[in-house]
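This report describes the pockets of a protein and the strands that pair within it. Please examine the sequence and the structure before reading on.

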Amino acid sequence: MLWMKAQINLKHIEAFRSVMLAGSVVGAAKLLNVTQPGVSRTIGLLELRLGFALFVRHGRKLIPTPEAEALFKEIEPLYSGVERIAQVAQDIRLRRTGALRVACLPALAQGMVPHAVAQLLDTRPNVTVFLQSLPSRQIADLVATRQFDMGVVELPLARQAIDFEPLPAAQVVVVLPPKHPLTKKKVISCKDLNNERMILLSQHSYLRYQIDDAFQSEGATANVLMETPSSSIACALVAAGAGITLVGRLTAAYFAQSEVVIRPLKTEVITRYALIYPQTASRSPLAEIFATLLKEQPSSLPI
């Protein structure tokens, strides 16, 4: 049996998206400024043309089916693009000095990047900044399709349609609770960490691979009781007294004021980051200025 492509149009998509956002036909009708029966008919016709149900009724609410969730995931980026166009148009109309969209990996989202944003706004208070934290591969996809002006990612990373600009490399350091006995040591080896409660990055992380290799090279074994994909979460767990972690200096530095104690790791392990830009697009002056601020951040770190 042959299936024809579903004949759907923008009206169907708008009605579906509005119901997904509002959670009911009543709310969707208000969003669209149309009648409730009109929304119901449009959703019914869309389901008929798609060949599967989009919602299950629960009282006055409509519960999305798994198929609806999958469809919504594909539709939402289209509206993000439209919202981006509207934002640019507003910037032009109001003669603002500019707008910058930055995506950064979680490891730098609570310290280095926000500090650079604050410095940018100190001298350019009329600039608007949209900052989002995402995994490096997602950032690369969004920058390559020009949904962001620039990104801050962890290396290694392979992706076409983007330009790379390396940031200064950073050493991996040991992050300890303030009262831990190892804080008395000036430098800590992997062997010193034997039998300690360790909080390490998830095993699919390249940095975790380097850390495991460092332990192996010293004939040590990490007693890993907790794992997380986020260096910032690892530091927060240390601050709460849950254990010890190994993360990049750029992440650890912003927890070092009073919450944790930072010590060098005897075996050299390096984390590498880079700025990325859309390959075929000319860089905005704001992106260039922000890149300069980011490159200056490591020299001002407290450790």
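## The second largest pocket

Helix H4 gives the most residues to the lining of the second largest pocket, contributing eight. The model is a predicted one. This pocket has a volume of about 470 Å³, and 19 residues line it. Nearest its centre lie Ser80, Arg101, Leu142, Gln147 and Phe148. The elements that supply two or more residues to this lining are H4 (66-94), strand S4 (128-133) and helix H6.

Sorted by class, the lining of the second largest pocket comprises five nonpolar, seven polar and seven charged residues.

## The largest pocket

The largest pocket holds about 550 Å³ of space. Its lining consists of 23 residues, and those closest to the centre are Ser136, Glu154, His204, Ser205 and Tyr206. Two or more lining residues come from each of helix H6 (136-144), strand S5 (150-155) and helix H7 (206-217).

In this lining, 13 residues are nonpolar, eight are polar and two are charged.

## Strand S5 and its partners

Strand S5, which contributes to the lining of the largest pocket, also pairs with other strands. Strand S3 (residues 99-104) runs parallel to S5, and three bridges join the two. Cys104 stands opposite Val152 in S5.

S5 also pairs with strand S12 (residues 270-278), here in the antiparallel sense and over five bridges. Val153 has Ala274 in S12 as its bridge partner.

Terms used. Residues numbered from 1 in each chain as written. Predicted model: local features only at pLDDT ≥ 70, side-chain atom pairs only at ≥ 80, totals over all residues. Heavy atoms only, no water. 1 Å grid on protein atoms, 1.4 Å probe; cavity = no way out; pocket = protein on both sides within 12 Å on 5 of 7 lines; lining within 4 Å. Points joined across faces, edges and corners; volume = space filled by probe spheres on them. Helix = DSSP H or I, 4+ residues; strand = E, 2+ residues; numbered from the N terminus. Nonpolar A, V, L, I, M, F, W, Y, C, P; charged D, E, K, R; others polar. Pairing = 2+ DSSP bridges.
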